[in-house]
Structure formats: C-alpha cells, structure tokens
Amino acid sequence: DLGEAIRSLSQNYNGGQNPGVGFTPGALGNSNTTSGSKPNLRGLGADATLTLLNGHRLPDDGSVAGVDISTIPLSAISKIEVLADGSSALYGSDAVGGVINVTLKRSFEGLALSGRVGQSTEGGNVQRQMSLVSGYGSDAGGLVVAFDLSDVTRIRAADRDYTANMNGENTLFPAIERQNLVVSGFHDFSDTFSMKVDALYSKRTSEAVSAAIKTQPVEFEGVRNTPSTEAFSIATQFDGKYANGWRSSL
C-alpha cells in the first residue's frame, strides 16, 4: 500500500503513527494508536508533514493530527511528489517537516481488477488485497473510480523466536482491515471554463492486544485496542481563463 511506499523513503521516519509501532505512554503522537500510516518527514511528527491529494488538504484521521496515506489506493495514483524541506512559510505550521502531494490519474479507459495474497514465512501477517479501477476519458474530460479492499492478520509474539520469553498472545503487528474509495474527474465546459472534483472515503478497523507485564497473560491488566476510523474528503474546483491573461479559481 502507499504507506509501505512512503516508509521506503530515506527522508521519512518510520516510527510514530505506523503499524507495528508499540504504545509509548505519555507520547501519543509517537504511538500506533489507530494503525494508520502517517508520513513523518525528518521525524518532526505526523502533524508537521502536510499531506495533499491533488493539491488539496486531507482530513486528519488519527488520535493525534496526521493523515493515513494508506487510504489512497495505489491503483488510482499517477505520481507522488515529495518536498522534503520545511515549507511553513508557504503552507503553514503543518508543513514544517515538508509536503507530500499525491496526484491521481485524471482518466482511465476500461476496467482493471487486481488481487494479492501473501504471508510471512514464520507465521502471521496473512495479507489479502483486491483493487478495482474503472473510468473513461475523452478530449473534454475524464473520470477515475478506484476501490481497494484489504485485510492483514496480526503477528503474535508466539510467531517469532525472538519474543519466545513473552506471552504468546502479545501483538507485534496489528490486524488491520481497510476499505478505500477514490473518485477523481474533470470536465472542460469550454476553452475558458473547467471543473475538477476529488473525493476520498476510507474506513479502517484494527485490533492489537498487549499485556501490562509482557510475560503475564493479557487478561492480567492488559489492553485490547480495537480502534475504528472513518474519514471522507470532497474537493471541487472551478477554473476560468479570461482575456489579457486573467484567471480565476474557486
């Protein structure tokens, strides 16, 4: 998913609000509380990296400010632009670490269905994913609709040798289920007037259990974390071109 792609960047800090990161008391901004994948350029915090979709801001969907970038289906993406320098003077304080702009495909001809199944060699982390992309394109406009459905089973302490001294039910990587939908389109009404629309809907649930004392049963003052997150965004833009180089954008 797109979260894994962003975590492969050397400028991105992979700790904090990302799957597999443990709970840190007193530091919720650096804990995996909702199993999202939050970009964190330069390690300054998820709330210091501005995440854009086709140049539009996205809603925060974590317990602490941050955008889960894995809610954008890879099948709908045209390119990803990363500005790994502080840009607060241009965008505001949420761009101190930098800016990530995800650009969607503007048109797509036909229908594409893809699926993926995988599993860790030592057990757990069974991954299943299905993506569907459809749309149309013409000289006057285009539309892309992408739907992504995925689920990942958790990795338990019992699945790994290096955690053999822990209670086996402790979670090393949470179970995650995601449903993501993206709609992007544009239409040129004339040579001087055009419209664009981008819409995103996502729903994410996860589960992780952790014992207060790692060698004790989870039922002994342990924690079962089962957050559910739902987010949506709709951005519409109207552009006009006029005489003498004048332009308008609403």
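Biologist: To begin with the overall picture, how many helices and strands does the protein chain have?

Modeller: This is a predicted model, and in it the protein chain has two helices and 14 strands. Along its principal axes, the C-alpha trace spans about 75 × 40 × 30 Å. Of the 250 residues, 42% count as buried, and the chain exposes about 13000 Å², of which carbon and sulfur atoms supply 54%.

Biologist: What share of the contacts with a separation of 6 or more comes from residues 24 or more positions apart?

Modeller: Such residues account for 58% of those contacts in the protein chain.

Biologist: Let us turn to single residues. Where is Arg160 found, and why is Arg160 called buried?

Modeller: Arg160 is found in the loop between β8 (155-156) and β9 (171-173). Its relative accessible area is 11%, and buried means under 20%, so Arg160 is called buried.

Biologist: What is Arg160 in contact with, once its neighbours within four places in sequence are left aside?

Modeller: The partners of Arg160 are then Ser120, Glu122, Gly123, Ile155 and Leu172, where contact asks for heavy atoms within 4.5 Å. Ile77, by comparison, is 83 residues from Arg160 in sequence and 35 Å from it in space, C-alpha to C-alpha.

Biologist: Which backbone oxygens lie within polar-contact distance of the side chain of Thr163?

Modeller: The backbone oxygen of Ala157 lies 2.7 Å from a polar atom of the Thr163 side chain, and the backbone oxygen of Arg160 lies 3.2 Å from a polar atom of that side chain. The cut-off for a polar contact is within 3.5 Å, and both distances fall inside it. Leaving aside neighbours within four places in sequence, Thr163 is in contact with Ala157 and Leu172.

Biologist: What makes the phi of Arg42 worth a remark, and why is Arg42 called partly exposed?

Modeller: Arg42 has a positive phi of about 65° although it is not a glycine, and Arg42 is found in the loop between α1 and β1 (49-53). Its relative accessible area is 48%; buried would need under 20% and exposed over 50%, so Arg42 is placed in between, as partly exposed.

Biologist: And Asn125, why does that residue count as buried?

Modeller: Asn125 has a relative accessibility of 14%, which is under the 20% limit, and therefore Asn125 counts as buried. Asn125 lies in the loop between β5 (110-118) and β6, and has a positive phi of about 55° although it is not a glycine.

Biologist: How do you know where empty space is left inside a protein?

Modeller: Empty space shows up when a probe the size of a water molecule is rolled over the atoms. In this model, a search of the whole structure finds two cavities of 30 Å³ or more. About 50 Å³ of space lies in the largest cavity, and the elements that give two or more residues to its lining are β11 (193-210) and β13 (228-241). β13 gives the most, with three residues.

Biologist: What makes up the lining of the largest cavity, by class?

Modeller: The lining divides into six nonpolar, three polar and two charged residues. Among the lining residues are Leu58, Asp61, Asp68, Leu200 and Phe232; Asp is counted as charged, whereas Leu and Phe are counted as nonpolar.

Biologist: What is the volume of the second largest cavity, and which residues line that cavity?

Modeller: The second largest cavity has a volume of about 40 Å³, and its lining includes Asp1, Ser70, Pro73, Gln129 and Asn180. By class, that lining has four nonpolar, three polar and two charged residues.

Biologist: How much space lies in the second largest pocket, and which residues are closest to its centre?

Modeller: About 200 Å³ of space lies in the second largest pocket. Of its 17 lining residues, the closest to the centre are Asp1, Glu4, Gln127, Val152 and Arg178. The lining has five nonpolar, five polar and seven charged residues, and α1 (2-7), β6 (127-137), β7 (141-152) and β10 (175-188) each supply at least two residues of it.

Definitions and conventions. Residues are numbered from 1 along each chain as its sequence is written. This is a predicted model: local features need pLDDT of at least 70, side-chain atom pairs count only at pLDDT 80 or more; totals for chains, interfaces and linings use all residues. Side-chain values use heavy atoms; hydrogens and water are left out. Helices (H or I, at least four residues) and strands (E, at least two) are DSSP runs, numbered from the N terminus. Buried means under 20% relative accessible area, exposed over 50%, partly exposed in between (1.4 Å probe, protein chains only). On a 1 Å grid over the protein atoms alone, a cavity is a set of points where a 1.4 Å probe fits but cannot get out, and a pocket is an open set with protein on both sides within 12 Å along at least five of seven lines; lining residues have an atom within 4 Å of a point. Grid points are joined across faces, edges and corners, and a volume is the space filled by probe spheres set on the points. A polar contact is a pair of N or O atoms within 3.5 Å; within protein, one must be able to donate a hydrogen and the other to accept it, and residues adjacent in sequence count only if both atoms are side-chain atoms. Accessible areas come from the Shrake-Rupley method with a 1.4 Å probe; for residues, only the protein chains shown count as cover.
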